[in-house]
Amino acid sequence: MSGHHTLGTATLRERQASAVADTALRGKLARASEIFTTRKAGAFALIDDVDGLRQAARSIRSDINSRLPSVLERFADNVMAAGGNICWAKTGAEANAYIVNVAKRIGAKTAAKGKSMATEEIELNGALEAAGCEVVETDLGEWIIQLDEQTPSHIIAPAIHLDRYDIARIFDERANAGGIEPIPEVMNAFARGRLREKFLAAELGVTGCNLAIAESGSILLVENEGNGRMSSTLPRVHIAVMGMERIVETWAEADLIVNLLARSGTGQHISVYTNIVTGPRRPEDVDGPEEFHVVILDNGRSELLASDLHEMLDCIRCGACLNVCPVYRQTGGHAYGWVYSGPMGAVLTPLLAGHVEGSQELANASTLCGACMDACPVGIPLQDLLLSLRRTKAAKAGAAEKAGWRAWSAAWSHRSIYEASVVAATSPARKLAGSRVATKLVPGAGRWALGRELPTPASSSFRSRWKKGDL
Amino acid sequence: MWQPEGMNAIKPVDAASASRVSFFITCMVDVFAPDVGEAAVRMLRESGCEVSCPLGQTCCGQPAWNSGFAADAARVARTSLDALEADDADAVVVPAGSCATMIKVFWPELFELVGDHDAAARAQRLGAKTFELTSFLDARPSPNRVDQSAPAHRGPTIAYHHSCHMLRELRIHDAPLALLERAGCTIADWPDGDRCCGFGGLFSVKLPETSVAMAEAKLASLPAEVEMVVGSDSSCLMHLAGRAKAEGRTIAFRHTAEVIAAAAIAGAAIPRKGQA
Ligand code: SF4
C-alpha cells in the first residue's frame, strides 16, 4: 500500500507551510540537491558542445511528438512482431484493468515492481492489491517509502527527503530490522536480502519505461540497482507501463536522449544499468519472461499534445529542474500534493490531474526564476508554461479577484490616479506602513510580516523630487 | 524568447552611442527607493547622457502579467509604452532587472496575446533600445567626470545578489560586478548569489512561508566578511532586507546604483570600461 496525495485536502499554502516548518527536511533537501547539481556539472564538463546537444535533443523530442501517433504505431507493430502484447490505455483505469486481468489470469500472488512514475500516476499498486496481488517496490528508495506508506517526493530519487537515520527507523518499525545500524552498506544488505526473496517469489514483474524505441519495438530502462533488470527478467510475465510520449523512433535518437538523461538527473555519465527489452524470452535465450506486455498510457496526454502546452511532453523525466528549483529545495516534493513535483510537476499536475480540486493552484508554486529552464536538458520553457497556466486560471478566477485587477489597471493606466496613489503612499501616514496597523489595512502586508520586517515608503517619491527639479 | 514574425530585423541600439535617455522609474523605486532613482540619474549623467523622465509612465504591468491577467497588464503597460515612446530618446534605461525584462521580453508577447498588434510592434522597437541600468552604464565609453587623480576609494566588501530575470532572461551577469569593482568594492564569493531570493512578486505574499524560507536559505550562505548585499532590483533587496532585519542581522542592503554613486561622490577613480 502506498501513501496518499494531499492535493485537494489542503491548500498549496498549507502544504508548503507545513513542509518549510520542518527545518530538518530543508537541510536534507539542500544537501541532496546540491550533490545532484554538483555531479551534473561534472558529468557535463566532458561534453564539448552542451548547447548543441540540448538543441538536438529538443528537436528530436518535438519532432517525435509532432508525429506521435505514427511513431507509436510503428513501435506497437514491432513489439507484437517480437512476440509482445500491446495495451492502448486511454485512462489510468483502463491500464489498471488490463494489468489486473493479466495478474489474475496467471494467478499472480506477488508483483515485483521497478521504479515507475507512470504507475504512481495511475495508482496501480492499490488496484493490484485490491485484486489480491501483493506489490513490492524493488527500487530501494521506492521500497523505503512503500514500507512507510508514503509517496515519492522526487521523480528520480523518491526517498530524497529521508536520511539514513530515518531509513533505519523505517526498517526497524516497518520491516522488523531489529535495531539496524544506520550505515548505508548494512541497510543495503538488509534490503537486498528481503527483496531477493520477493523477486524469486514474484510471478509478475512491472516496470516503467524510460524510452521506447519504435524501430525495434524495444523498451529501455535505466537504473542503478539491478532491480529493474530483475523485475523484467525473473518473473514469468513482464509488463512495462509507458506514458505515450516516452518514445523515439531510432536507436541514434535514443543514444542522444540517454546520454542526457543520466547526466542531467543524477549527474552520472551513464546509469549503472541500461536495460533493453525486446519481446519475451526467445527459445535461445537463457532467461527472460514468457510474456511481455507494454501498456501505452494516454491519461490526458493526447489532450495535452493538442494544446498550447504540448512542449511539456518533451520532458524526459530527468529531475534536473527539481534539483535546481529554489522552491522545491525548501518544500520538497510532497508539498506539490500529487505525483510529480518541482517545476515539471507544477506544470504537469494542472494538466494531468486537472479534475482534482486545487490542481490549478500549482501554477503559483514558482517564483518564475527560470533556473529550471536553464537546467532542462531538452529546453522546455517551464516558466512560459507556468505563465500560460496562470492565464488559464485567471480566466476562471472569481469576480472579486477579476474586479481587483480591473480596478488596479484602470487606476494605474492614468497618470493622475497613479500619482495620487504615490502621493498617498509617501504621505506622513506612510509611517503606519512599518507598524502593525498596516497588516490590517494594506492587502498582503499581514502575510509579508510573517517573518519579514515591513518596508516603509520614502517620505517623497522619485517623481515628486523630479518635478521639483531637485535632481 | 518569443518573437513576432518579421520582427527579427529590428537592430538593437548601441548603449555607447546614446546621448539622450528616458529614465523609466519603476513603481517600486518611485515609492520605496527614490534614492536609487536619484543615484541612477546621477550616474547616467556622469556617463555623459542627458536624462529625461517622462512622467506619463506608471508601471510596467508585471504584477498582473505574472498573475495571469494579461489584459490588465496590457492596459497599464500601454500607458508606460505611450509615455516612453513619445519621449523619443535614444535609449530607455531601467533601474530594475525585472522591469527591464518585462519591457524587453514580455511586452511584445503581452500585447500580441491581447490582440494589440500595433502595440506589440511598438513594444518590440522600444525593447530594442531599452537597457537595464548597469548593463547600460558598463557599456558607456565616455570618460567619467570623476577626478582621476583622487586616491582610489576603498569600497565595502559586498556580496552580489543576481536577480533572476536580469540573469536568466537578459543574461546580464558581469556588468554590475564590473561597475562595483571599479567603484572599489571587494566582491565576496556568495555560493547562493545566483539563486532566487524568494521574492517573486506576489509569490512573496501568496506563499509567504516559502518565500521567507527561500530568503533565509539564501542569507544563510552569506560569507562572514560581507558588509553589504548589493543587487540591481530594489524589490528583491526589500524582501531580503526585511528577512535579514527579522533575523536580527545588521548587514546593509543597497542597489548597485547607490553604491557606485556613493563611490563617485567619494572621489573614487572609476576608470572607463577596459581600463579597470
Ligand atoms: S522538465 Fe526538463 S529538467 Fe524537468 S524533468 Fe523534464 S526534462 Fe528534466
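I began with Arg26(A), which counts as buried at 11% relative accessibility. Buried here means under 20% relative accessible area, exposed over 50%, and partly exposed in between, with a 1.4 Å probe and protein chains only.

This is a predicted model, where local features need pLDDT of at least 70, side-chain atom pairs count only at pLDDT 80 or more, and totals for chains, interfaces and linings use all residues. Residues are numbered from 1 along each chain as its sequence is written, chains are lettered from A and ligands numbered from 1 in the order written, and side-chain values use heavy atoms, without hydrogens and water.

**Across the two chains**

I looked up the partner of Arg26(A) and found Glu216(B), in a salt bridge at 3.2 Å, N to O. Glu216(B) sits in helix α11 (residues 208–220) of chain B and Arg26(A) in helix α2 (residues 23–45) of chain A, so this pair joins two chains. A salt bridge needs a side-chain nitrogen of Lys or Arg within 4 Å of a carboxyl oxygen of Asp or Glu. Helices are DSSP runs (H or I, at least four residues), numbered from the N terminus. Glu216(B) is partly exposed at 30% relative accessible area.

I then took the whole interface. Nine salt bridges run between chain A and chain B. The contact (heavy atoms within 4.5 Å) takes 65 residues from chain A and 68 from chain B. The two chains bury about 5600 Å² between them, 63% of it on carbon and sulfur atoms. That area is the accessible area (1.4 Å probe) that two parts lose on being put together, summed over both.

**Within a chain**

Arg78(B) forms a salt bridge with Asp116(B), with the closest N and O atoms 2.8 Å apart. Arg78(B) lies in helix α4 (residues 70–87) of chain B and Asp116(B) in the loop between α5 (97–113) and α6 (117–128), so the pair ties together parts 38 residues apart in sequence. Arg78(B) is partly exposed at 27%, whereas Asp116(B) is buried at 19%.

Arg263(A) is placed in helix α12 (residues 251–265) of chain A. Among the residues Arg263(A) touches, leaving out those up to four places away in sequence, are Lys40(A), Phe44(A) and His269(A).
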